[in-house]
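Here are my notes from a pass through the model you sent over. Have a look at the structure first, then read on.

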Amino acid sequence: MRFSIAVIPLVLFAALAGVFLLNIDKDASVVPSVLIDKPAPEFSLPPLPGRDHGLSRADLTKGNVSVLNVFASWCIPCRAEHPLIKRLSREASVPVYGLNYKEKDPQDGVKWLDELGDPYAAVGMDISGRTGIDFGVYGVPETFIIDGNGQIRYKHVGPVTVEVLEKVLMPKIEELKG
Amino acid sequence: MIRRFKLVFGALAILLPVMASSPAFAVNPDEMLSNPVLEERAREISKELRCLVCQNQSIDDSDAELARDLRVLVRERLIAGDDNEEVIDYIVARYGDYVLLNPPLKPETYILWASPVVLVLLAMLAVFAFYRRKKRDGSTASASLSKDEQARLDELLGTSKDIGKSE
């Protein structure tokens with residue numbers, strides 16, 4: 001009896017340590033998306049100034065896997081991840097679409113792409129941010145992987161790093177391509 | 001008199017800026033609806049919704065851009081004729097239960113809701129067990145002395161008796 005009571009704090013400590021250990025790699029600011037395995041929302045966005053094609057849901061349902069990258073010229077981490085989005089578009093052999101999120105001036109997105117290079121198959125301009133909300137975007141950059149039926153299959157929040165690109169996004173795309 | 005004046009003046013100097021400053025409102029006047037009933041409902045709903053950028057503020061409190069967009073969206077839905085629940089469901093469909101500052105009661109959250117009650121019950125049980133044990137230990141301790149203690153007690157009492165006799 002005495003022994004079993006003495007053991008309780010030790011057991012509690014071990015249990016807590018276990019919980020902390022399991023969660024140590026988790027980023028509490030990343031909110032799991034409810035849209036995973038749900039169809040991408042309906043949307044139709046105008047093109048950047050001086051371009052012909054915008055972006056709509058029809059682009060995501062052409063039967064092939066695609067990537068949708070949410071970016072903005074005012075977003076510093078977007079600048080940081082941009083070379084990796086270019087690499088993704090080169091190496092993954094799937095179309096990478098851009099959602100230009102809430103620019104103050106429509107020209108900003110164009111200037112940004114002129115400066116850094118444009119890896120996108122098409123870009124839609126979401127000035128109001130409403131399409132972003134429909135996609136559950138809460139912090140740019142965000143990157144969605146969408147299957148051929150237009151279902152959202154994966155979402156990465158925050159800048160894509162080399163590790164995320166190689167260990168998460170590329171394998172996921174390959175898996176979905178089947 | 002001068003001393004008292006200084007005291008009052010000092011207190012005013014500290015209190016006035018506090019009293020004069022109104023709480024900062026995140027909701028901008030240009031977002032507000034002209035219909036006071038709808039605006040009141042919008043405020044009510046906004047207080048329930050978490051700003052995902054700052055995470056521990058409601059969208060009613062937050063100055064974040066996304067919070068502003070969501071406040072505007074909430075008001076648009078109200079004007080479109082949604083009831084409060086429909087507006088909240090609209091946001092939850094996009095951002096998940098996490099946007100609710102008040103988590104809903106459902107199988108995934110049973111542990112969350114039950115844990116305070118369970119912990120209080122456990123604590124009461126522990127206190128109860130502690131006092132019962134203490135009572136039991138206390139009564140047994142007073143009931144019996146060990147042989148050595150009894151011998152020592154006898155010796156002390158015996159000695160004092162002897163002293164009493166010798167007088």
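The points below go through the strands, the helices and the contact between the chains.

1. Ground rules. This is a predicted model, where local features need pLDDT of at least 70, side-chain atom pairs count only at pLDDT 80 or more, and totals for chains, interfaces and linings use all residues. Residues are numbered from 1 along each chain as its sequence is written, while chains are lettered from A and ligands numbered from 1 in the order in which they are written.

2. Strand S6 (residues 142-146) of chain A. Helices (H or I, at least four residues) and strands (E, at least two) are DSSP runs numbered from the N terminus. Five of the five residues in S6(A) are buried, meaning 20 or more other C-beta atoms within 10 Å of a residue's own, with C-beta atoms placed from the backbone. Both faces are covered: A:Glu142, A:Phe144 and A:Ile146 sit on one side, A:Thr143 and A:Ile145 on the other.

3. Neighbours of S6(A). Strands count as paired if DSSP finds at least two bridges between them. Strand S3 (residues 66-71) of chain A runs antiparallel to S6(A) over five bridges, with A:Val67 partnered by A:Ile145. Strand S7 (residues 152-157) of chain A is also antiparallel to S6(A), again over five bridges, and here A:Ile146 partners A:Ile152. S6(A) and S7(A) make a hairpin with five residues between them, and A:Gly150 in the turn has a positive phi of about 80°.

4. The parallel pair. Five bridges join strand S4 (residues 96-101) of chain A to S5(A) in parallel; A:Tyr97 has A:Ala122 as its bridge partner. Four of the five residues of S5(A) (residues 122-126) are buried, so the strand is largely enclosed by the rest of the structure.

5. Helix H5 (residues 162-177) of chain A. Its 16 residues should span 22 Å at 1.5 Å a residue, and the end C-alpha atoms are 21 Å apart, which agrees; the expected span is 1.5 Å times one less than the number of residues. There is still a kink of about 30° at A:Leu169, shortly before A:Pro171 (the bend is the angle between axes fitted to the seven residues ending there and the seven starting there). A:Gly178 follows H5(A), with a positive phi near 75°.

6. Helix H3 (residues 65-79) of chain B. Buried residues here include B:Leu66, B:Leu70 and B:Val74, but also B:Arg71, B:Arg75 and B:Arg77. Just after H3(B), B:Gly81 has a positive phi of about 105°.

7. Between the chains. 10 residues of chain A are in contact with 10 residues of chain B (C-beta atoms, placed from the backbone, within 7 Å).

How values were computed. Two residues are in contact if their C-beta atoms, placed from the backbone, lie within 7 Å. A residue is buried if 20 or more other C-beta atoms lie within 10 Å of its own, exposed if 12 or fewer, and partly exposed in between; C-beta atoms are placed from the backbone.
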